[in-house]
Amino acid sequence: MAKAVSKKRSSPQTRPAVRALAGTVFVTRQVHFNAAHRLVNPTKDAAWNEQTYGLCSNEHWHGHNYVLEVTVAGEPDPETGYLLDLGALRDILTAEIVGPCDHRNLNVEVPFLRGVIPTSENLVIAFWNQIEPHIKSGRLYSVKLFETPRNFAEYRGPQPAL
Ligand SMILES: [Zn+2]
(Lines give C-alpha, C1' and ligand atoms only; values in the text may rest on other atoms or scores of the structure.)
Protein backbone atom coordinates (compact mmCIF):
# COMPACT_ATOMS: atom_id res chain seq x y z
CA MET A 1 0.00 0.00 0.00
CA ALA A 2 2.74 2.44 0.98
CA LYS A 3 4.54 1.58 -2.25
CA ALA A 4 1.49 2.52 -4.31
CA VAL A 5 1.22 5.93 -2.58
CA SER A 6 4.87 6.71 -3.21
CA LYS A 7 4.44 5.80 -6.87
CA LYS A 8 1.47 8.09 -7.14
CA ARG A 9 3.42 11.01 -5.61
CA SER A 10 6.18 10.74 -8.16
CA SER A 11 3.77 10.55 -11.08
CA PRO A 12 4.01 13.57 -13.41
CA GLN A 13 0.25 14.13 -13.21
CA THR A 14 0.46 15.07 -9.53
CA ARG A 15 3.23 17.68 -9.92
CA PRO A 16 2.11 21.28 -9.87
CA ALA A 17 2.01 22.95 -13.27
CA VAL A 18 4.16 25.95 -14.20
CA ARG A 19 2.89 28.73 -16.37
CA ALA A 20 5.30 29.95 -19.03
CA LEU A 21 5.03 33.71 -19.53
CA ALA A 22 5.71 35.20 -22.94
CA GLY A 23 7.60 38.47 -23.29
CA THR A 24 10.96 39.88 -24.28
CA VAL A 25 13.16 40.61 -21.29
CA PHE A 26 16.55 42.30 -20.97
CA VAL A 27 19.08 40.70 -18.60
CA THR A 28 22.24 42.59 -17.63
CA ARG A 29 25.54 41.60 -16.07
CA GLN A 30 27.92 44.24 -14.76
CA VAL A 31 31.68 43.73 -14.50
CA HIS A 32 34.58 46.02 -13.59
CA PHE A 33 38.12 46.43 -14.74
CA ASN A 34 40.91 48.97 -14.35
CA ALA A 35 43.02 49.96 -17.30
CA ALA A 36 45.38 52.61 -18.60
CA HIS A 37 45.10 54.32 -21.93
CA ARG A 38 45.89 57.40 -23.92
CA LEU A 39 43.86 58.98 -26.68
CA VAL A 40 46.15 59.55 -29.62
CA ASN A 41 45.88 59.32 -33.36
CA PRO A 42 49.39 58.32 -34.42
CA THR A 43 48.80 59.55 -37.96
CA LYS A 44 48.49 63.14 -36.63
CA ASP A 45 51.11 65.41 -35.07
CA ALA A 46 51.43 66.25 -31.37
CA ALA A 47 49.66 69.62 -31.74
CA TRP A 48 46.62 68.02 -33.38
CA ASN A 49 46.42 65.35 -30.69
CA GLU A 50 46.75 67.85 -27.88
CA GLN A 51 44.12 70.10 -29.39
CA THR A 52 41.74 67.20 -30.02
CA TYR A 53 42.16 65.16 -26.86
CA GLY A 54 43.66 67.60 -24.31
CA LEU A 55 44.77 65.87 -21.12
CA CYS A 56 43.45 62.53 -22.42
CA SER A 57 46.37 62.55 -24.84
CA ASN A 58 49.01 62.87 -22.07
CA GLU A 59 51.92 60.80 -23.31
CA HIS A 60 52.47 59.37 -19.82
CA TRP A 61 49.06 57.66 -19.85
CA HIS A 62 46.14 57.79 -17.39
CA GLY A 63 43.71 55.23 -16.02
CA HIS A 64 40.02 54.55 -15.48
CA ASN A 65 37.95 52.32 -13.23
CA TYR A 66 35.78 51.02 -16.04
CA VAL A 67 32.30 49.60 -15.46
CA LEU A 68 30.94 47.42 -18.24
CA GLU A 69 27.26 46.50 -18.49
CA VAL A 70 26.25 43.87 -21.02
CA THR A 71 22.57 43.21 -21.77
CA VAL A 72 21.09 40.17 -23.49
CA ALA A 73 17.50 40.22 -24.79
CA GLY A 74 15.10 37.35 -25.35
CA GLU A 75 12.24 35.28 -23.94
CA PRO A 76 12.56 33.22 -20.75
CA ASP A 77 12.87 29.48 -21.30
CA PRO A 78 9.47 27.96 -20.34
CA GLU A 79 11.15 25.17 -18.36
CA THR A 80 13.72 27.19 -16.36
CA GLY A 81 12.23 30.70 -16.37
CA TYR A 82 15.72 31.94 -17.30
CA LEU A 83 16.68 33.82 -20.43
CA LEU A 84 20.26 32.80 -19.80
CA ASP A 85 22.53 31.68 -17.00
CA LEU A 86 24.06 34.90 -15.62
CA GLY A 87 27.02 32.91 -14.34
CA ALA A 88 27.72 31.80 -17.90
CA LEU A 89 27.49 35.44 -19.10
CA ARG A 90 29.92 36.45 -16.34
CA ASP A 91 32.33 33.75 -17.52
CA ILE A 92 32.14 35.06 -21.10
CA LEU A 93 32.83 38.63 -19.95
CA THR A 94 35.69 37.48 -17.76
CA ALA A 95 37.30 35.49 -20.57
CA GLU A 96 36.73 37.96 -23.40
CA ILE A 97 37.02 41.39 -21.73
CA VAL A 98 38.13 41.48 -18.09
CA GLY A 99 40.95 38.95 -18.52
CA PRO A 100 42.54 40.67 -21.54
CA CYS A 101 41.93 44.28 -20.31
CA ASP A 102 42.17 44.39 -16.51
CA HIS A 103 45.34 46.15 -15.28
CA ARG A 104 46.50 46.52 -18.89
CA ASN A 105 47.40 49.37 -21.16
CA LEU A 106 44.62 49.37 -23.74
CA ASN A 107 46.79 51.05 -26.38
CA VAL A 108 49.55 48.46 -26.40
CA GLU A 109 48.67 45.28 -24.49
CA VAL A 110 45.30 44.06 -25.77
CA PRO A 111 45.53 42.15 -29.07
CA PHE A 112 41.95 42.80 -30.19
CA LEU A 113 42.42 46.56 -29.68
CA ARG A 114 45.61 46.83 -31.70
CA GLY A 115 45.52 49.93 -33.88
CA VAL A 116 42.25 51.18 -32.34
CA ILE A 117 42.07 54.60 -30.61
CA PRO A 118 40.71 53.46 -27.21
CA THR A 119 37.84 55.92 -26.81
CA SER A 120 34.73 54.60 -25.06
CA GLU A 121 33.01 54.69 -28.46
CA ASN A 122 35.56 52.39 -30.05
CA LEU A 123 35.79 50.17 -26.98
CA VAL A 124 32.07 49.33 -26.92
CA ILE A 125 32.19 48.30 -30.59
CA ALA A 126 35.32 46.20 -30.05
CA PHE A 127 33.82 44.61 -26.92
CA TRP A 128 30.58 43.80 -28.78
CA ASN A 129 32.60 42.03 -31.46
CA GLN A 130 34.40 39.98 -28.80
CA ILE A 131 31.26 39.05 -26.85
CA GLU A 132 28.60 38.53 -29.52
CA PRO A 133 29.82 35.19 -30.97
CA HIS A 134 29.63 33.63 -27.47
CA ILE A 135 25.98 34.50 -26.69
CA LYS A 136 24.12 31.23 -27.26
CA SER A 137 20.70 32.02 -25.76
CA GLY A 138 18.91 35.26 -26.44
CA ARG A 139 20.69 37.91 -28.47
CA LEU A 140 23.22 40.52 -27.45
CA TYR A 141 21.29 43.78 -27.06
CA SER A 142 23.63 46.33 -25.52
CA VAL A 143 27.23 46.88 -24.46
CA LYS A 144 27.56 49.92 -22.19
CA LEU A 145 30.90 51.15 -20.88
CA PHE A 146 31.25 53.73 -18.10
CA GLU A 147 34.59 55.53 -18.20
CA THR A 148 33.40 57.62 -15.25
CA PRO A 149 29.98 57.65 -13.55
CA ARG A 150 29.03 60.55 -15.82
CA ASN A 151 30.70 59.58 -19.09
CA PHE A 152 29.63 56.42 -20.85
CA ALA A 153 29.08 54.99 -24.31
CA GLU A 154 26.65 52.32 -25.45
CA TYR A 155 26.58 50.12 -28.56
CA ARG A 156 23.57 48.14 -29.66
CA GLY A 157 25.10 46.44 -32.67
CA PRO A 158 25.07 47.47 -36.30
CA GLN A 159 22.36 50.05 -36.98
CA PRO A 160 21.12 51.75 -40.14
CA ALA A 161 23.11 54.94 -40.80
CA LEU A 162 21.63 57.98 -39.04
ZN1 LIG B 1 40.75 58.29 -20.52
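The reply below starts with the helix pair and then turns to the chain and some loop and strand residues.

Reply: The model is predicted, so local features are given only where pLDDT is at least 70 and side-chain atom pairs only at pLDDT 80 or more, while totals for chains, interfaces and linings use all residues. Residue numbers start from 1 in each chain and follow the sequence as written.

The pair in question is α3 (86-101) and α4, which covers residues 120-131. Helices here are DSSP runs of H or I with at least four residues, strands are runs of E with at least two, and both are numbered from the N terminus. Two packed helices are described by the angle between their axes and the distance between the axes. For α3 and α4 the angle is about 125° and the axes are 10 Å apart. The axes are lines fitted to C-alpha atoms, for helices over the stretch in contact, and the angle between N-to-C directions can run from 0 to 180 degrees. α3 and α4 are therefore oblique to each other: angles under 35 degrees count as roughly parallel, over 145 as roughly antiparallel, 65 to 115 as roughly perpendicular, and the rest as oblique. The crossing of α3 and α4 is right-handed, a label used when the near helix is turned clockwise from the far one by less than a right angle, with anticlockwise being left-handed.

On the α3 side the contact is made by I92, L93, E96 and I97, and on the α4 side by F127, Q130 and I131. Contact here requires that two C-beta atoms, placed from the backbone, lie within 7 Å. By class, five of these residues are nonpolar, one is polar and one is charged. Ala, Val, Leu, Ile, Met, Phe, Trp, Tyr, Cys and Pro count as nonpolar, Asp, Glu, Lys and Arg as charged, and the others, Gly among them, as polar.

The chain around this pair holds four helices and five strands, in the order α-β-α-β-α-β-α-β-β along the sequence. The radius of gyration of the chain is 23 Å, whereas a compact globule of 162 residues would have one near 15 Å. That radius is taken over C-alpha atoms, and the globule rule is 2.2 Å times the number of residues to the power 0.38. Along its principal axes the C-alpha trace spans about 90 × 35 × 25 Å. Of the 162 residues, 18% count as buried, meaning that 20 or more other C-beta atoms, placed from the backbone, lie within 10 Å of a residue's own; 12 or fewer makes it exposed, and anything in between partly exposed. Among contacts with a separation of 6 or more, 67% join residues 24 or more positions apart.

H103 has a positive phi of about 60° although it is not a glycine, and it is exposed, with 11 other C-beta atoms within 10 Å. W61, in the loop between α2 (46-53) and β2 (62-74), also is not a glycine and has a positive phi of about 75°. W61 is partly exposed, with 13 other C-beta atoms within 10 Å.

H62 belongs to strand β2 and is exposed, with a count of 12 within 10 Å. The C-alpha atoms of H62 and L93 are separated by 23 Å, at 31 residues apart along the chain. E75 lies in the loop between β2 and α3 and is partly exposed, its count being 14 within 10 Å. Leaving out residues up to four places away in sequence, E75 touches A22, G23, T24 and L83.

C56, in the loop between α2 and β2, is partly exposed with a count of 16 within 10 Å. From C56 to N122 is 66 residues in sequence and 15 Å in space, C-alpha to C-alpha.
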